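Dear colleague,

Please find below the structure that I am handing over to you. My findings follow after it.

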Number of protein chains: 2
Amino acid sequence: MVEEGTRRRGAALEADILDATWAELMAVGYARLTMEGVAARARTGKQVLYRRWRNRADLVIAAIRHHSGAIADRVPDTGSLRGDVLAVLRLMAERQRELGPDVVHGLMAEAGDRKSEAVEIMHGVMTTVLERAAERGEVPTADLPERIVTLPADLLRHEIVLSDRLVTEATLEEIVDDVFLPLVTGHG
Amino acid sequence: MVEEGTRRRGAALEADILDATWAELMAVGYARLTMEGVAARARTGKQVLYRRWRNRADLVIAAIRHHSGAIADRVPDTGSLRGDVLAVLRLMAERQRELGPDVVHGLMAEAGDRKSEAVEIMHGVMTTVLERAAERGEVPTADLPERIVTLPADLLRHEIVLSDRLVTEATLEEIVDDVFLPLVTGHG
DNA sequence: CTCCATTAGAGACGCACCGTCTCTTAAAAT
DNA sequence: ATTTTAAGAGACGGTGCGTCTCTAATGGAG
């Protein structure tokens, strides 16, 4: 809460705006989120938003990061490859569940250049997971084709964004047990 | 071409509008395609468009279908599973190349309910392909988990829509040789 | 402690396009 | 020949964009 007559600045203002953006996102979804709506909720002017972010997509991406932090900062380490991959997929699915499908879909359209960021981040995470598995001797080598490294994340992302099916724990297990593990264990 | 003072109707008018939509799509892309622009190019009024299609997405989907026909109507039959799957993926990739990435991305956002149509269509196509392969004895059974049936199409769709990488023939071969074939031949 | 450069807050502005509506008149139906 | 349908054209109110302008609060420099 902010006093009458005070004026926020810099990082404090930025945090308030990102909180307001998140609240607006939860309230009206991405399609009907407007810069004017965010500005009103944050009790500031549109100019203040445009001074920091070029457009809706950038603002919303920043708000999501602000709210839930980066996936890359918490790479799971459960002790088994299967557990690690499932945990990674659960993180992705949880985030999507919180956002809701229309936010995810809407963002994809306007994301433009930033679309491939997610792919690259997950490649890094999966590389770490696979290297640990190789050290434990669970897989012959961590030096797998890129396509296979990112396979679980790619499939889940496809499921979330491009199919309208609900993502359940069973979905994650299918991806890991029917597709990923058979490929990496029989690869030498 | 249309004479001065004549007035098109019914199917002929509809075909002209869909041609105009396609031309507009190629000229300005999806993001900047407007109902007003299409109406102007087709030399008709907006009302005529709204009488037939509820929104941009529906109109553009109809125009794409009108221009290139349905993939489901030409299921490849090359004599081998590998050849068939590659041919299916080539059809998908060709269509995407013609449309360009921004059209594909833009459509996804507004497609809403019609998004899963593509997934279902490709499931049907792949089922046919796999049944033929089972008859030839190339695979033990065509009765595979749904996730594996649609795997190649899903991966390619992910590549097209969610990564910004260029899709080449090598990409298609990776999907088929590194991922799909190892899974289906070693299954049963 | 005072002055100054910065920028927050507020809203007006022109613009583009949406989707609806009206009106006239050509083309088909009977 | 008359009636019904719907094409062609554009006006309309509405919404939100992104820009611009103005003022006054704020934090830093001296």
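**The interface of chain A and chain B**

In this predicted model, the rule finds six salt bridges across the interface of chain A and chain B. A salt bridge joins the side chains of Arg165(A) and Glu146(B), with an N to O distance of 3.6 Å. Across the interface of chain A and chain B, six residue pairs are also found in polar contact, both residues of a pair being at pLDDT 80 or more.

On the side of chain A that touches chain B, at least two residues each are supplied by α6 (101-111), α8 (146-149), α9 (151-162) and α10 (169-185) of chain A. The largest share of that side, eight residues, comes from α9(A). By class, the side of chain A that touches chain B comprises 13 nonpolar, five polar and eleven charged residues.

The size of an interface is often expressed as the accessible area lost when the parts come together. Here, chain A and chain B bury about 2600 Å² between them, with 60% of it on carbon and sulfur atoms. Chain A contributes 29 residues to the contact, and chain B contributes 29 residues.

**A helix pair in chain B**

Within chain B, the axes of helix α7 (residues 117-135) and helix α9 (residues 151-162) come within 9 Å and cross at roughly 140 degrees. The crossing of α7(B) and α9(B) is right-handed. Ala118(B), Val119(B), Met122(B) and Met126(B) of α7(B) make the contact with Pro152(B), Ala153(B) and Arg157(B) of α9(B). By class, this contact of α7(B) with α9(B) has six nonpolar residues, one charged residue and no polar residues.

With kind regards

Key. Residues numbered from 1 in each chain as written. Chains lettered and ligands numbered in written order. Predicted model: local features only at pLDDT ≥ 70, side-chain atom pairs only at ≥ 80, totals over all residues. Heavy atoms only, no water. Axes fitted to C-alpha atoms, helices over the stretch in contact; angles between N-to-C directions. Helix = DSSP H or I, 4+ residues; strand = E, 2+ residues; numbered from the N terminus. Left-handed = near helix turned anticlockwise from the far one by under 90°. Contact = heavy atoms within 4.5 Å. Nonpolar A, V, L, I, M, F, W, Y, C, P; charged D, E, K, R; others polar. Buried area = accessible area lost by both parts, 1.4 Å probe. Salt bridge = Lys/Arg side-chain N within 4 Å of Asp/Glu carboxyl O. Polar contact = N/O pair within 3.5 Å; in protein donor to acceptor, adjacent residues only side chain to side chain.
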